[in-house]
Amino acid sequence: MKIPFVSFLPMERELDKELREAFNRVFESSWYIEGKEDETFEKAFAEYCGIKYCIGVGNGLDALMLALKALGIGEGDEVIVPSNTYIATALAVTYVGATPVFSEPRIETFNINPELIEAVITERTKAIMPVHLYGQACEMDSIMEIARKHNLKVVEDCAQAHGATYKGQKVGTFGDAAGFSFYPGKNLGALGDAGATVTNDEELAKKIRALGNYGSDYKYHHIYKGNNSRLDEMQAAFLSAKLPLLDKMNEERRRIADRYLNGIKNKKVILPFVSSDCVPVWHIFGIRCEDREALEKHLNDAGIGTNKHYPIPMHLQECYKDLEFKQGDFSIAEEISKSELSLPMYYGMTDEEIGYVVESINLF
């Protein structure tokens, strides 16, 4: 049996009519930037998240960067980010001229450990950027308490967590702002690059929108030195077609995850921990195994696609050598990077396919 790590086909077949209609609607309108499709999606996604404002942007990295920029964070400032995440989180900080300061995760959840955050706060710290990694929410009560205590901004990285909740509240609604990615592989994915920043602050929303439109509040009037990052009409239309299916797709991911959690019995495998405070959306189902390379080969030989998130931690990436970290500086992130293995997880996996993955792991 051949099982890919990810497949879009089941979802795309189910939405074939809606996606084609979305394309035709935009194509026939001859309006491709800042139009009705963008406005419609922004309103719908804000309502879905339970937040007042949504600003469509070019991608998830820009969504975070524009939020930081709008909050006035820049040269000389520090932003606390988890040591275990995709590099876009840190790059957003770098792009506004600030310095990313890494803080270790809980190895059980892969998410930033609130108990370690205060130890890295300095007089230069201006914000915390928690990442709801793999689709499981961070411990936002504790993070927000720390932020209030030290007068820090909070920008949530929700790139992998569309629809996830913490204590019944959707991610992206706790902090000052939040960034979402709609990269095609996300739980809510466009058919190309796309993203959005959300916030409950009206003035902040206006500034983010202006910053993403060359710093312009109206045509040819530029109040900021801005960027070009806008959600185009075609991607907005595709996202509007897919948004009504998001909860159904997330529920299917939870069903697959439950099969994995209940069925995998191999003692060499460490399963992900799920907090009772969280309802995850399982963008990634990441297990850990000391003999990861052998397990990966075993599964690949059986026709099962896998991935590794993320094999080189950020502090050891070549692009951040200027921060002068070395092996061992963030031991938990390093442990995750060398032991994590991601299993197939996508809408449309059959019971037979899920069972085959479980059986293959148990035979390792």
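# Notebook: a predicted chain

**Entry 1. Overall build.** I counted 13 helices and 15 strands in the chain; helices (H or I, at least four residues) and strands (E, at least two) are DSSP runs, numbered from the N terminus. The radius of gyration is 20 Å, close to the 21 Å of the globule rule for 364 residues, so the chain is as compact as a globular protein of that length. The radius is taken over C-alpha atoms, and the rule is 2.2 Å times the number of residues to the power 0.38. I note that this is a predicted model, in which local features need pLDDT of at least 70 and side-chain atom pairs count only at pLDDT 80 or more, while totals for chains, interfaces and linings use all residues. Residues are numbered from 1 along each chain as its sequence is written, and side-chain values use heavy atoms, with hydrogens and water left out.

**Entry 2. Extent, burial and surface.** I looked up the span of the C-alpha trace along its principal axes and found about 65 × 55 × 35 Å. Buried residues make up 57% of the 364 residues; buried means under 20% relative accessible area, exposed over 50%, and partly exposed in between (1.4 Å probe, protein chains only). The accessible surface of the chain comes to about 16,200 Å², and carbon and sulfur atoms hold 50% of that surface. Such areas come from the Shrake-Rupley method with a 1.4 Å probe, and for residues only the protein chains shown count as cover.

I then turned to contacts (heavy atoms within 4.5 Å). Of those between residues at least 6 apart in sequence, 70% join residues at least 24 apart.

**Entry 3. Charges.** I found 40 positive and 55 negative side chains, with the centres of the two sets 1 Å apart. Lys and Arg count as positive and Asp and Glu as negative, while His and the chain ends are not counted. The place of a charge is NZ of Lys, CZ of Arg, CG of Asp or CD of Glu.

**Entry 4. Aromatic pairs.** The structure holds 15 aromatic pairs. Rings of Phe, Tyr and Trp (its six-membered ring) pair if their centres lie within 6.5 Å; planes under 30 degrees apart count as stacked, over 60 as edge-to-face and the rest as tilted. I examined Phe45 and Phe182, an edge-to-face pair with 5.3 Å from centre to centre and 90° between the planes. Phe45 lies in helix 3 (residues 36-49) and Phe182 in the loop between strand 8 (177-181) and strand 9 (195-199), so the pair ties together parts that are 137 residues apart in sequence. Phe45 is buried at 0% relative accessibility, and Phe182 is likewise buried at 0%.

I next examined Phe102 and Tyr320, whose ring centres are 6.5 Å apart with planes at 85°, so this pair is edge-to-face. Phe102 is in strand 3 (residues 99-103) and Tyr320 in the loop between helix 11 (292-301) and helix 12 (331-339), which links parts of the chain 218 residues apart. Phe102 and Tyr320 are both buried.

Which residues do ring pairs link into a cluster? I noted Phe41, Phe45, Tyr48, Phe180 and Phe182.

**Entry 5. Backbone exceptions.** Most residues other than glycine have a negative phi, and most peptide bonds are trans. I found a cis peptide bond from His309 to Tyr310, with omega near -5°. Tyr310 is in the loop between helix 11 and helix 12.

Tyr214 has a positive phi of about 65° although it is not a glycine. Tyr214 sits in the loop between helix 8 (202-211) and strand 10 (216-218), and is partly exposed at 42% relative accessibility. Tyr220, also not a glycine, has a positive phi of about 65°. Tyr220 belongs to the loop between strand 10 and strand 11 (221-222), and is exposed at 71%.

Entry 6. I checked Asn84, in the loop between strand 2 (78-82) and helix 5 (88-95). Asn84 is buried, with a relative accessible area of 5%. Its C-alpha atom is 9.1 Å from that of Phe330, 246 residues away in sequence. Neighbours within four places aside, Asn84 is in contact with Pro105, Phe110, Leu133, Ala333 and Ile336.

Gly35, in the loop between helix 2 (16-29) and helix 3, is buried at 16% relative accessible area.
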